[in-house]
Amino acid sequence: MIAVVCLGGLILGGPSVSWGYEEIVVTSGGVVTGSVSLKGTPPPSRIFHMVFSPNIEFCTRVSDGKGNRLLKEFRVSEDGGFQDVVVAVVGVEKGKRFDYTPEIRLENCRIAPFVTPVRNHHPFSIVNKDPVVHDIQGYTLEEFYTFAMFNKPMLPESTVAKEIRLRNGHYIFRTQCGVHDFMQSWGMAVGNPYFAVTGADGSFAISDL
């Protein structure tokens with residue numbers, strides 16, 4: 001599952017996603033830095049038997065050598081640093097330029113990055129670098145409910161753009177390949193440019209506040 005850390009305003013009920021953001025010139029802005037850690041033992045990787053999927057010859061390069069694809073959803077360093085956590089400052093009405101366009105890459109039968117912040121009513125780029133066909137399905141989630149957003153067949157070595165359209169109150173986004181079920185990724189909607197995704201050591205920095 002996607003992990004989320006929110007800073008600022010009303011956060012007890014989850015991220016407050018606002019689409020009415022105003023761009024201004026920021027002078028003498030501040031920087032928020034920190035790190036996110038996971039306490040306890042990370043859940044084990046999920047196992048997918050590749051014999052049930054096509055393109056085995058090509059996709060086995062991401063197998064465990066025994067015909068299985070291991071999907072590691074929790075990446076934690078030796079000292080507990082939690083990677084791929086979205087850290088967002090919520091409730092910001094105006095600030096620095098918001099020129100972020102999210103993108104995922106399909107390469108070696110993987111979707112990268114594993115966690116990608118997204119923007120509502122904004123393009124979402126999908127780049128297929130593989131010589132095989134993928135079928136990317138986009139979903140929006142709220143608690144235990146999943147709703148289909150789009151379904152886009154991806155020809156070999158092609159690029160397309162889909163628009164993110166989240167349901168009211170939703171902010172969790174998920175993608176999965178309909179051909180190779182072990183290809184999955186997560187996303188979280190952000191309403192302003194003050195966000196970051198933690199690195200391999202769990203650290204992050206958000207500038208020009």
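Student: Accessible areas here come from the Shrake-Rupley method with a 1.4 Å probe. On that basis, what does the accessible surface of the protein chain come to?
Tutor: The model is a predicted one. Its protein chain has an accessible surface of about 11200 Å², and carbon and sulfur atoms account for 50% of that.

Student: And how much of the chain counts as buried?
Tutor: The share is 44% of the 209 residues.

Student: What about secondary structure: how many helices and strands does the protein chain have?
Tutor: There is one helix, together with 18 strands. The radius of gyration is 18 Å, close to the 17 Å that the globule rule gives for 209 residues, so the chain is as compact as a globular protein of that length.

Student: What box do the C-alpha atoms fill?
Tutor: Along the principal axes, the box is roughly 55 × 40 × 30 Å.

Student: Turning to contacts, what share joins residues at least 24 apart?
Tutor: Taking contacts between residues at least 6 apart in sequence, 69% join residues at least 24 apart.

Student: New topic: the charges. How far apart are the mean positions of the positive and negative ones?
Tutor: The chain carries 19 positive and 21 negative charges, and their mean positions are 2 Å apart.

Student: How many aromatic pairs does the structure hold?
Tutor: It holds five. One of them joins Tyr-100 and Phe-195: the ring centres are 5.0 Å apart and the planes stand at 65 degrees; since angles over 60 degrees count as edge-to-face, the pair is therefore edge-to-face.

Student: Where do Tyr-100 and Phe-195 lie?
Tutor: Tyr-100 is in the loop between strand S7 (94-95) and strand S8 (103-107), whereas Phe-195 belongs to strand S17 (residues 195-197), so the pair ties together parts 95 residues apart in sequence.

Student: Is Phe-195 buried or exposed?
Tutor: Buried means under 20% relative accessible area, so Phe-195, at 16%, counts as buried. Tyr-100, at 23%, counts as partly exposed.

Student: Which pair do Phe-124 and Phe-173 form, edge-to-face or stacked?
Tutor: Phe-124 and Phe-173 are edge-to-face, with 5.2 Å centre to centre and 75 degrees between the planes. Phe-124 sits in strand S11 (residues 123-128) and Phe-173 in strand S15 (residues 172-177), so this pair links distant parts of the chain, 49 residues apart.

Student: Are those two buried or exposed?
Tutor: Both Phe-124 and Phe-173 are buried.

How values were computed: Residues are numbered from 1 along each chain as its sequence is written. This is a predicted model: local features need pLDDT of at least 70, side-chain atom pairs count only at pLDDT 80 or more; totals for chains, interfaces and linings use all residues. Side-chain values use heavy atoms; hydrogens and water are left out. Helices (H or I, at least four residues) and strands (E, at least two) are DSSP runs, numbered from the N terminus. The radius of gyration is taken over C-alpha atoms; the globule rule is 2.2 Å times the number of residues to the power 0.38. Buried means under 20% relative accessible area, exposed over 50%, partly exposed in between (1.4 Å probe, protein chains only). Contact means heavy atoms within 4.5 Å. Lys and Arg count as positive and Asp and Glu as negative; His and the chain ends are not counted. The place of a charge is taken as NZ of Lys, CZ of Arg, CG of Asp or CD of Glu. Rings of Phe, Tyr and Trp (its six-membered ring) pair if their centres lie within 6.5 Å; planes under 30 degrees apart count as stacked, over 60 as edge-to-face and the rest as tilted.
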